[in-house]
Amino acid sequence: DGIIISGMVDDAAVTCFQRQQIPLVVLGNHDLKTPVTRVELDMHQVGSALAEGLLEHGHRQIAFVVEKPHHAYERMCLEGIQMRLLRDGFSLPEKNIISTGQTYSSGAAFIEPFLRLDPLPTALITTDTRVADECVAELRIRQIEVPGRVEVVSLTTKDRPMRSRYRALNLGLERCGRLAVKRLSELVETPNMEPCATVLKVTEWFEPIFPNLNKSHQKS
């Protein structure tokens with residue numbers, strides 16, 4: 001009766017479905033010019049929450065590491081981080097934005113340029129739990145204490161982060177999926193509905209237990 005699409009979505013794909021008059025909902029954050037019903041996350045708010053969490057822990061030197069920063073999801077998150085830092089009079093220098101442009105990059109591809117930064121950031125933000133895991137592993141290989149020397153924060157869609165050495169913001173994507181189904185049902189029942197966008201905010205932090213966490217990094 002209808003289709004929900006996500007992943008690699010562009011205007012050509014959306015237009016193709018619309019020509020066939022198939023009720024369509026786009027799930028996720030994408031750069032689309034074609035009017036279409038969609039459900040997405042407020043990635044500016046996500047980025048702001050990540051930056052705020054680090055500011056509360058006393059961090060001022062922060063790095064952002066991501067495989068492909070030009071995608072809407074990552075780009076909007078980065079914009080949210082930058083806006084939140086600027087609000088408190090801080091910045092995220094261009095040199096502190098580390099990307100590989102490649103999918104499934106190793107932790108070393110991020111950590112080696114990270115370690116060349118001067119001054120060395122005390123916090124690292126990534127949008128991907130796999131990248132977070134890789135980065136934590138690389139830092140520990142180099143005997144850099146996580147989170148004592150470098151705190152890592154990420155985003156997760158799971159019940160718990162895959163590792164216990166970093167904090168993760170719970171995106172609650174199951175809510176997006178349920179809402180996408182609801183929007184699709186509405187389109188099937190009322191085919192002439194105007195396209196609408198629904199933007200959801202994140203829910204909560206997952207806070208792992210750090211046995212040796214320095215008090216200066218503990219959240220008040």
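Okay, a bit of housekeeping. Residue numbers start from 1 along each chain as its sequence is written, and side-chain values use heavy atoms, with hydrogens and water left out. As the model is predicted, local features need pLDDT of at least 70 and side-chain atom pairs pLDDT 80 or more, while totals for chains, interfaces and linings use all residues.

Let's start with the sheet. It's open, with four strands in the order E1-E2-E3-E9, and the pairing is parallel. Strands here are DSSP E runs of at least two residues, helices are H or I runs of at least four, and both are numbered from the N terminus. Two strands pair if DSSP finds at least two bridges between them. E1 (3–5) and E9 (197–200) are the edge strands with a single partner each, so one side of each has no neighbour in the sheet. On average, neighbouring strands are turned by 15° against each other, direction ignored. For angles, axes are lines fitted to C-alpha atoms, for helices over the stretch in contact, and the range is 0 to 180 degrees between N-to-C directions.

Now look at E9. Four bridges tie it to E3, residues 37–41. Leu41 has Leu200 as its bridge partner, and Arg38 sits opposite Ala197.

Helix H6 (173–189) lies across E1, E2, E3 and E9, at about 165° to E2 (24–27); contact is heavy atoms within 4.5 Å.

On to pockets. These are open sets of points on a 1 Å grid where a 1.4 Å probe fits, with protein on both sides within 12 Å along at least five of seven lines; lining residues have an atom within 4 Å of a point.

How much space lies in the largest pocket? About 1000 Å³, taken as the space filled by probe spheres on the points. Its lining has 36 residues, with Gly7, His71, Tyr73, Glu74 and Asp128 nearest the centre. H6 turns up again, among the elements supplying at least two lining residues each.

The second largest pocket holds about 270 Å³. Ile22, Pro23, Leu24, Leu187 and Pro191 lie nearest its centre.
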